[in-house]
2 protein chains.
Amino acid sequence: MLAAAPATDWRTLDARRVLYLELSSGRVVIELNYEFAPASVTNIKTLVRERYFDGLYIVRTQDNHVVQWGDPSANRPLGSARASMPPEFTKNIGNSYFTVLPDVDTYAPQTGFIDGFPVARDAVHDKEWLIHSYGMVGVGRGADPASGNGTILYAVIGQAPRHLDCNATLVGRVVAGMELLSVLPRGTGALGFYTEPERRPVIRSVRLAAEVAESERTSLELLRTESVSFEKWIEARRTRREPWFHAPSTSIDVCSIPIPTR
Amino acid sequence: MLAAAPATDWRTLDARRVLYLELSSGRVVIELNYEFAPASVTNIKTLVRERYFDGLYIVRTQDNHVVQWGDPSANRPLGSARASMPPEFTKNIGNSYFTVLPDVDTYAPQTGFIDGFPVARDAVHDKEWLIHSYGMVGVGRGADPASGNGTILYAVIGQAPRHLDCNATLVGRVVAGMELLSVLPRGTGALGFYTEPERRPVIRSVRLAAEVAESERTSLELLRTESVSFEKWIEARRTRREPWFHAPSTSIDVCSIPIPTR
């Protein structure tokens, strides 16, 4: 099925909207979503350009939940980045093509995909928002909804924590290298924080792909979620035709549809 | 809330229905479910008593999916265990207390919990079945639905693969030690199989808890899923009251409710 997808149904990444999180174990590639979180993405790009994250740490790894990184001391200067951000938890419904899923969802009136990201929509209230699927990257914050500024980021490594939807700003998705985050040793403190500083995995650097020489960029194509091929992919995941399946399901939820890459 | 639960709302494990999967990194504790999979659980207990799994391997670790263990050569003699099993993918609805969840589910008419396990139910067709939540343990099989005999087992380490519901026999749930399975390096072969035999994590032994001296058993209590305290727990997870939540959700799916242990 994927082999039959025409070349035009695949897209490359826009290097201006891709982060490379470099760990000792390798590179995690994060696609940023400007459409749903313009202010947060802009601030994160400022932090990255000014090398805010270099030499910082993964501070928390909670089993079946999230990996989180940032400055454990919270002392590092912000440079020209903003210290606080407006919440970008939801937005008004835009004009982008929305590939809608046919099945009921426990949490939202509608779910589907926009430009390579899982999205929920509430048409009655003119709201749409990114969904906390596996691999989604969000902005950590304190009790004040406006306290997240992009210096603390997390990635989902377990069952989609849908209760966080509309409560945190999602800014991107890991499109390669998830297996470097998901295997990190779980922190033994509350919420998976590492209690011994020397156990925290080090962040070598975070770079915008556009800052990296072309020869050193990760080459990757993603199936366009607005393509006919992706609709076929959804249908193939929704009702599995492989002979192994004895009683194929006839429905699928948005967090169970991986977005094909090559 | 959990601190206020009366002692009678907690239960200990029945040592005759608990497996200890011993890895070099520690012990994984699996509670077996006899009610939903009597034949498979009986066969697995026979295999364990005859030391079938000792010295075998984790053969497959697929990111956001499953860890699977067994005999990579498939040569080890079965002893007095049966070579094939009837599928135990669903069963007729029984009399056990069913704690029903109030919200819609993408995959089944009803979901909830029976005796500490996530369960789906289709009353019209008089069927109920265990659900592939995080930590659930199932029986690997080939194309023939009757080909699973318990020599190959898997545990869910990612987003609940609900498409496997009713297609494989679930026999238990990891109640402690998930973080030993979820951090295993992902296999680089198709489906996460380890391509280099020396990278396969070794299974030191699998024992029935009842075979282990009481002093060496893992002491654990689980909140009874048929208790009033568990109903309160569901409600607390369904709509989060912690001040951090800006827009608490008002629904929850069965795979997002961890069963409290202490």
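Author: Happy to! Let's start at B:N92, which sits in the loop between β5 (66-70) and β6 of chain B; here strands (E, at least two residues) and helices (H or I, at least four) are DSSP runs, numbered from the N terminus. Before going further, please keep in mind that this is a predicted model, in which local features need pLDDT of at least 70 and side-chain atom pairs count only at pLDDT 80 or more, while totals for chains, interfaces and linings use all residues. Residues are numbered from 1 along each chain as its sequence is written, chains are lettered from A and ligands numbered from 1 in the order in which they are written, and side-chain values use heavy atoms, with hydrogens and water left out.

Back to B:N92. This residue counts as partly exposed, at 45% relative accessibility (with a 1.4 Å probe and protein chains only, buried is under 20% relative accessible area, exposed is over 50%, and partly exposed is in between). Setting aside its neighbours within four places in sequence, B:N92 is in contact with B:D126, B:K127 and B:E128, where contact means heavy atoms within 4.5 Å. With B:D126 there is a polar detail to look at: a polar atom of the B:N92 side chain lies 3.1 Å from the backbone oxygen of B:D126. A polar contact is a pair of N or O atoms within 3.5 Å; within protein, one must be able to donate a hydrogen and the other to accept it, and residues adjacent in sequence count only if both atoms are side-chain atoms. As for B:D122, 30 residues from B:N92 along the chain, the C-alpha atoms of the two are separated by 9.5 Å.

The loop between β5 and β6 of chain B also holds B:A74. B:A74 is exposed, with a relative accessible area of 64%.

A positive phi turns up at B:C166 too, at about 70°, and this residue is not a glycine either. B:C166 is found in the loop between β11 (153-156) and β12 (170-176) of chain B, and it counts as buried at 16% relative accessibility. Over all chains the count comes to zero disulfides.

Salt bridges are another matter, with 28 of them over all chains; the rule asks for a side-chain nitrogen of Lys or Arg within 4 Å of a carboxyl oxygen of Asp or Glu. In chain B, the side chains of B:D103 and B:R238 meet in one, at 2.8 Å from N to O. This pair links distant parts of the chain, 135 residues apart: B:D103 is in the loop between β6 (99-100) and β7 (110-114), and B:R238 is in helix α3 (residues 228-238). Both ends count as buried, B:D103 at 15% relative accessibility and B:R238 at 16%.

In chain A, A:R121 and A:E128 form a salt bridge, with their closest N and O atoms 2.8 Å apart. A:R121 and A:E128 are both buried, and together with A:K91 they are linked in a network of salt bridges. A:E221 pairs with A:R262 in another salt bridge, at 2.7 Å between the closest N and O atoms. Here too distant parts of the chain are linked, 41 residues apart: A:E221 is in strand β14 (residues 221-223) and A:R262 in the segment after α3 (228-238) of chain A. A:E221 counts as partly exposed at 23% relative accessibility, and so does A:R262 at 48%.

Finally, the interface. Chain B and chain A bury about 3400 Å² between them, 52% of it on carbon and sulfur atoms; buried area is the accessible area (1.4 Å probe) that two parts lose on being put together, summed over both. B:T106, B:Q159 and B:W244 supply 21% of the area that chain B buries against chain A, more than any other three residues. The contact takes 40 residues from each of chain B and chain A. Across the interface the rule finds zero salt bridges, but it does find 22 residue pairs in polar contact, both partners at pLDDT 80 or more.

How values were computed:
A disulfide is a pair of cysteine sulfur atoms within 2.5 Å.
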